[in-house]
Amino acid sequence: FEKCMQQQRERARNARSDDQSMGSQSVDLLNFTDKSEFIGYDHLENHSKVIALFKDGVRVEELIDEGDVVCEQTCFYAESGGQIYDTGVMENETTILEVNKVTKAPLKQFLHHVIVKKGTVKVNDELDLKINKDDRNLIKANHSSLHLLQAALQKVVGSHIHQAGSYVCAQYARFDFTHFEKLTYQQIREVERLVNEQISKNLKVVTDLMDVESAKNSGAMALFDEKYDDVVRVVKMGDFSKELCGGTHVGSTGEIGIFKIVSEESVGSGIRRI
């Protein structure tokens, strides 16, 4: 079972890498080494300078219709770890850019895919960056609910349950986990009850930075097939949940609102999806 599970994880990871690399592995992007910094999870807007522009992977000096913008600093979260990217706008007095996707270049710079709504954008332009706050709040709530869900599943169904994939957007959250049979109606209701109980307690969500080994030794849940940086974020929700995670989260569990499981099904041998 474990051998087949590992093979499936590698297939999924390779497919993901192939998909992500097709547009991003251009020569210009591979040779682009300037730094682009994510300024933090609590910033919803910032002011920054354009350091590079790309059109279909080719470096250009100006965009007049559509392409990718790299700034020195950004408040936009790039798609990562199952969580969708932020959307929003970049603008100044003469230019308005609609940001509809944010990914990472081969050397981890933040690529904002934009549609030019007004004016043009050139390298060295100064822009105000503003994310869609409503969507960010919904994404945060959905992401935090998955941490509570995993902890509840382990308590109700069994400690063998581990995350096998996830997807988080503004509309919903999806969670894949290791388990060998369909959850019963009673189990699903009890998991829902447990999660909503933690939400009603309005537990403070605390994030700490620590090295990987210290994080794992502290009891934080980790994806064992994931490659982590030397320093990781540990997200803790009371005494109920503790996980390694690089995504955005609520400040306290009460912000999640109400948690509801709408479906539970098989998506492969030994993998269930909520």
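D239 is exposed, with a relative accessible area of 79%; exposed means over 50%, buried under 20% and partly exposed in between, using a 1.4 Å probe and protein chains only. This is a predicted model, in which local features need pLDDT of at least 70 and side-chain atom pairs count only at pLDDT 80 or more, while totals for chains, interfaces and linings use all residues. Residues are numbered from 1 along each chain as its sequence is written, and side-chain values use heavy atoms, leaving out hydrogens and water.

**View A. D239 pairs with K236 in a salt bridge.** The closest N and O atoms of the two are 3.7 Å apart; a salt bridge is a side-chain nitrogen of Lys or Arg within 4 Å of a carboxyl oxygen of Asp or Glu. K236 is partly exposed, at 29% relative accessibility. The whole structure has 13 salt bridges, and K182, E264 and R272 are linked in a network of them.

**View B. D86 and R136 meet in a salt bridge.** Their N to O distance is 2.7 Å. D86 sits in the loop between β6 (73–74) and β7 (88–91) and R136 in helix α3 (residues 133–156), so the pair ties together parts 50 residues apart in sequence. Helices (H or I, at least four residues) and strands (E, at least two) are DSSP runs, numbered from the N terminus. Both D86 and R136 are buried.

**View C. E192 and K260 form a salt bridge at 3.6 Å, N to O.** This pair links distant parts of the chain, with E192 in helix α4 (residues 185–200) and K260 in the loop between β16 (241–244) and β17 (265–268), 68 residues apart.

View D. Zero disulfides occur in the structure. C71 is buried at 0% relative accessibility, and C75 is buried at 0% too.

**View E. K108 and N124 are worth a look for their backbone angles.** Most residues other than glycine have a negative phi. K108, though not a glycine, has a positive phi of about 80 degrees; this residue lies in the loop between β8 (96–104) and β9 (110–118). N124 is not a glycine either and has a positive phi of about 80 degrees, in the loop between β10 (121–122) and β11 (126–131).

Note on methods
A disulfide is a pair of cysteine sulfur atoms within 2.5 Å.
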